[in-house]
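Work through the exercises below with the sequence and the structure at hand. Each task is followed by its solution in steps.

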Amino acid sequence: MKREELSFERPTELFASQPPEMRGQSRDEVRLMVTWPEGNNSHHVFTDLPTLLKQGDLLVVNESATLPASLPATSQLGNIRLNLSTRFSDNLWIAEPRWSVSRPGPLPLEEGETLQIGDATAKLLKSYPGIPRLWLTQFSIPATSLMAKYGEPIHYSYAPVYPMEAYQTLFSIFPGSAEMPSAARPITSRVHNTLVAQGIGITGLTLHTGVSSLEIEDEIVEHQALYPETFHVPAATANAVNATRARGGRVVAVGTTVVRALETAWNGSMVRACAGSTSLYVHPGTGVHVVDGLLTGLHDPVTSHLAMLSTLMSIDHVRKAYAEAVEHRYLWHEFGGSHLIWKQQVESN
Amino acid sequence: MGGVCLLVNNASDLGETPRPELARASLDRFRQTLETNLVSPLALIQQALPQLQQSHGLVINITSDAGEAGYERWGIYGSSKAGLDLVSKTLAAELKPLGISVVAVDPGDMRTQMHQEAFPDEDISDRPLPEVTLPFWAWLIHQDPRTVSGMRYEAQGALWEIPA
């Protein structure tokens, strides 16, 4: 797949700069677009979700909670920001040095350079192979204590920083994500209760998200390097997914992180209990095997998320859906609208 | 000398080049390759055993997909690595009571001298430099060795699994 196939226009005024609850709405009152297996779209409010699912369907949610992963740091270049991405140990993380919240890197930093954070240090050991804006970073004290003292949620130029609460979902249990796994954000207690009352199953796994991916740089989408994320698919979740599939129910991933975890745990015929670190890249070449649907947000152009979406529906239908989202003034990013995608039938060729 | 806490058996012999089919391979050269790739790592482990026991250390044996695949003309090197995989797995079980952990790691295809020697007429510039495996090593040495003991990892693979 070529890079330009994932390119589309959407005006920057459609970036959600505020959570709905600060726009005078409830979390579950965001817009919801549905893309049907035939490729047509319909438009709803998120509270309609239970009516769009049926008894025996299974939602799989990410139970990772968001960390205050953005740290102020001082380097030879002056004051910068260090966004933590993936934990290898208490003191060793993949991290992204940025000029500021709004201005990304890569920064002209040298291997071995030491950043100062309060009275602790962060040594840049090595830039990440194929992703020069990320560094393997060694901290002089556990990074969690730095986050507790100096950290704030990672945020970007389109939105100011909000209290930590705004970056957690109903299912945030295990701290570890650099950025909110936001697909479940609109699922409120009342939506949850309605789903459960209707006999729609909800089960959880954990995948700790890293920092947002930027635009794919390689001309060939599949060649883009992705970095690893820590995940855990518990045995009970694997069993629930396999049982749902066996009796013909539909498995709906809540978030691209859930697709990544489930596909990593797929052994060719079923999902198994599995934990560790995954850098699996789900794209049209790999396909998806486990999920029948994906509930997600609206993603940026030329990102690996869109490559994943085009495993569920043709790239033409992705583009058509996104054009409709622009036309209907959906809002983008973690505080914006939702998108439920039903997998299209595979065309035999 | 301080204690040994990490032993990496990396050095290997590709064997006869150009790589022969097994039916025509020199048996003397085969024995030599097995000596280097299979017997020597065990000799080093035996030597380091008391220190590894004291440090609850980790042994990493470098392996190859040639040890599993049955590629044509890779039988010499491949069988030495298949043997090493079994040595790794067996040692992981046998050394567990001593608190010593053992893993096997396949680094994957990389732009190295040995890889060029294996493909003398090929342009190997499309293979990544060995640096591509650095994140894996950083990850591995930060795991609890006893949790991962007995595993076989692909450094360039999509999944680095932690067994339950």
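Two residues are in contact if their C-beta atoms, placed from the backbone, lie within 7 Å. The model used here is predicted.

**Exercise 1. The parallel sheet of chain B**

Task: Find the order of the four strands in the open sheet of chain B, and state which strands stand at the edges.

Solution. 
Step 1. The order is 1-2-3-4, and the pairing is parallel.
Step 2. Strand 1 (6-9) and strand 4 (152-154) of chain B each have a single partner strand, so one side of each lacks a neighbour in the sheet, and these two are the edges.
Step 3. From one strand to the next, the twist averages 20°.
Step 4. As a detail, strand 3 (residues 101-106) of chain B is joined to strand 4 of chain B by three bridges in the parallel sense. In this part of the sheet, B:Asp106 is opposite B:Glu154 of strand 4 of chain B.

**Exercise 2. Helices on that sheet**

Task: Determine which strands helix 1 and helix 3 of chain B lie across, and describe how the two helices pack.

Solution. 
Step 1. Helix 1 of chain B lies across strand 1 and strand 2 (58-62) of chain B, and runs at about 180° to strand 1 of chain B.
Step 2. Helix 3 of chain B lies across strand 2, strand 3 and strand 4 of chain B, at about 160° to strand 3 of chain B.
Step 3. Between helix 1 (residues 27-55) and helix 3 (residues 75-95) of chain B the packing angle is about 20°, and the axes are 9 Å apart. Helix 1 of chain B is therefore roughly parallel to helix 3 of chain B.
Step 4. The crossing of helix 1 of chain B with helix 3 of chain B is right-handed.
Step 5. Residues of helix 1 of chain B, including B:Phe30, B:Leu34 and B:Ile45, meet residues of helix 3 of chain B, among them B:Ile76, B:Leu84 and B:Leu91. Sorted by class, the contact of these two helices has eleven nonpolar, four polar and one charged residues.

**Exercise 3. The sheet that holds strands of both chains**

Solution. 
Step 1. Strand 13 (residues 229-233) and strand 15 of chain A form an antiparallel pair over five bridges. A:His232 has A:Ala275 in strand 15 of chain A as its bridge partner.

**Exercise 4. The contact between the chains**

Task: State how many residues of each chain are in contact, and which strand of chain A gives the largest share of its side.

Solution. 
Step 1. Chain A has 17 residues in contact with 13 residues of chain B.
Step 2. Strand 15 of chain A supplies five residues, the largest share of the side of chain A that touches chain B.
Step 3. By class, that side of chain A has ten nonpolar, six polar and one charged residues.

Note on methods: Residues are numbered from 1 along each chain as its sequence is written. Chains are lettered from A and ligands numbered from 1 in the order in which they are written. This is a predicted model: local features need pLDDT of at least 70, side-chain atom pairs count only at pLDDT 80 or more; totals for chains, interfaces and linings use all residues. Axes are lines fitted to C-alpha atoms, for helices over the stretch in contact, and angles run from 0 to 180 degrees between N-to-C directions. Angles under 35 degrees count as roughly parallel, over 145 as roughly antiparallel, 65 to 115 as roughly perpendicular and the rest as oblique. A crossing is left-handed if the near helix is turned anticlockwise from the far one by less than a right angle, and right-handed if clockwise. Ala, Val, Leu, Ile, Met, Phe, Trp, Tyr, Cys and Pro count as nonpolar, Asp, Glu, Lys and Arg as charged, and the others, Gly among them, as polar. Two strands pair if DSSP finds at least two bridges between them.
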